[in-house]
Amino acid sequence: MTFQLGHYKETESREKKNQSQHRLQKKSKSEMAMKRVATSAIGALASSPGSSALIRPLHASPGSKKIVGVFYKANEYASMNPNFVGCVEGALGIRDWLTSQGHEYIVTDDKEGPHSELEKHIPDLHVLISTPFHPAYVTAERIKKAKNLQLLLTAGIGSDHIDLNAAAAAGLTVAEVTGSNVVSVAEDELMRILILVRNFLPGYHQAVTGDWNVAGIAYRAYDLEGKTVGTVGAGRIGKLLLQRLKPFNCNLLYHDRLKMDPELENQIGAKFEEDLDKMLPKCDIIVINMPLTDKTRGMFDKEKISKLKKGVLIVNNARGAIMDTQAVADACSSGHIAGYSGDVWYPQPAPKDHPWRYMPNHAMTPHISGTTIDAQLRYAAGVKDMLERYFKGEEFPQQHYIVKEGKLASQYQ
Ligand SMILES: NC(=O)c1ccc[n+]([C@@H]2O[C@H](COP(=O)([O-])OP(=O)(O)OC[C@H]3O[C@@H](n4cnc5c(N)ncnc54)[C@H](O)[C@@H]3O)[C@@H](O)[C@H]2O)c1
């Protein structure tokens with residue numbers, strides 16, 4: 001609770017800042033509009049001379065827009081819950097609203113390759129909505145082909161499926177629904193920690209296969225109490241996880257680019273570790289909670305994994321590509337990693353021969369933690385709000401921007 005207050009305080013001061021920025025913008029709207037075009041033009045000139053990015057406005061011009069949404073397909077599950085809006089069939093619940101305003105809204109799960117439905121619409125779409133659960137990989141090549149594209153929205157959190165540098169160079173806006181599913185993910189991580197620590201899955205398998213072998217589970221089942229848990233990244237999800245772990249009486253550590261304010265740190269009860277390599281060998285359990293960026297891609301390679309405590313447990317709901325896939329599989333096989341769980345893979349959907357499907361002591365699932373029904377309703381509402389603002393030419397909440405006016409959000413730089 002107290003942490004939440006701190007979080008709201010932070011959001012509130014950001015909101016105040018946004019409001020005053022907004023007032024300023026109103027005052028000199030035409031100046032700002034010119035500045036925006038100029039900034040995007042400079043970015044475009046610097047990166048791709050002669051590109052059509054020069055004439056791309058950052059907000060909607062009047063008239064009908066072509067909006068494409070790429071989501072996972074629900075098939076027989078689509079009609080089982082009226083709030084199941086995150087799938088192709090649910091289409092974020094915004095189809096009627098968009099079409100009633102004269103916009104074209106195409107929704108598909110067919111996203112890969114030159115003959116996919118998505119590829120067909122790339123040349124003339126204005127807005128692309130995609131989701132990390134079924135990522136539409138927006139490459140520099142696709143951006144180059146998308147001459148009308150202005151806005152890339154992520155229904156969820158994590159826009160690493162987009163080539164952000166290419167988007168910035170082309171003067172596009174990239175935004176996500178920051179905060180929309182952070183509770184969903186933090187809860188899921190806590191569950192995965194317990195599943196690994198208690199060696200839950202072999203017991204479950206015994207139950208369904210008609211076996212009964214207590215020893216086969218008990219020889220590597222532990223209490224969570226007293227263990228050292230370190231989160232790599234302590235932003236919104238990391239903090240919520242630490243807050244949830246506090247009553248378990250663990251030793252809590254965190255590494256991040258930024259140290260929390262001391263009051264919040266004290267409430268959460270976690271100790272800051274500036275040097276990641278010094279934190280890693282102390283941890284019985286490591287949870288990854290930072291975005292996939294140029295700096296974090298492949299960060300957990302063979303060398304980094306060799307620094308971990310032997311028998312460490314890892315939970316990664318952040319992004320699969322933060323890990324070196326084969327290094328994780330090898331360390332699980334050797335027993336250096338005693339258990340690995342998460343819902344994120346690279347690529348997604350994970351191919352049938354992905355090594356993580358076959359490594360020992362894993363508790364992997366498809367990408368699911370941030371797409372609970374509660375989360376879907378929140379990120380669908382966030383996408384609708386941003387589209388509404390885009391049509392009206394209004395700013396988005398500042399924390400939603402990942403690429404704005406040719407610049408990446410600070411943690412992606
Ligand atoms: N599995 C899912 O369903 C799901 C859902 C939501 C988010 N996510 C993933 O979780 C990530 C974190 O989400 P969040 O809402 O907590 O984001 P956030 O922006 O609130 O927090 C990210 C934290 O990581 C830190 N960080 C960034 N780069 C770092 C680096 N190089 N070294 C150390 N720390 C670094 C930042 O300072 C920040 O505190 C997202 O970027 C996304 O990839 C997954």
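Okay, let's start with Asn181: leaving out residues up to four places away in sequence, Asn181 touches Gly156, Ile157, Gly370, Ala375, Arg378 and Tyr379. Keep in mind that this is a predicted model.

So where does Asn181 sit? You'll find Asn181 in the loop between strand E5, residues 173-176, and helix H7, residues 182-197. Is Asn181 buried or exposed? Asn181 has 28 C-beta neighbours inside 10 Å, so Asn181 counts as buried.

Now, UniProt, in an unreviewed entry, lists Ile157 and Asn181 under "binding site". These two span 25 residues in sequence, yet their C-alpha atoms are not more than 7.4 Å apart, so they gather at one spot.

Let's look at the partner, then. Ile157 is in a loop as well, the one between strand E4 (151-154) and helix H6 (164-169). Ile157 has 25 other C-beta atoms within 10 Å, and because the cut-off for buried is 20 or more, Ile157 is buried. Again leaving out residues up to four places away in sequence, Ile157 touches Glu176, Val177, Thr178, Ser180, Asn181 and Gly370. Notice Gly370 there: Asn181 touches Gly370 too.

Last stop, Val315. This one belongs to strand E10, residues 312-316. Val315 counts as buried, because there are 27 C-beta neighbours inside 10 Å. Which residues does Val315 touch, not counting those up to four places away in sequence? They are Glu189, Arg192, Ile193, Val287, Ser341 and Gly342. And from Val315 to His362, it's 47 residues in sequence but 9.9 Å in space, C-alpha to C-alpha.

Conventions. Residues are numbered from 1 along each chain as its sequence is written. This is a predicted model: local features need pLDDT of at least 70, side-chain atom pairs count only at pLDDT 80 or more; totals for chains, interfaces and linings use all residues. Helices (H or I, at least four residues) and strands (E, at least two) are DSSP runs, numbered from the N terminus. A residue is buried if 20 or more other C-beta atoms lie within 10 Å of its own, exposed if 12 or fewer, and partly exposed in between; C-beta atoms are placed from the backbone. Two residues are in contact if their C-beta atoms, placed from the backbone, lie within 7 Å. UniProt positions are given in the numbering used here, feature names are shortened, and annotations may be inferred rather than shown by experiment.
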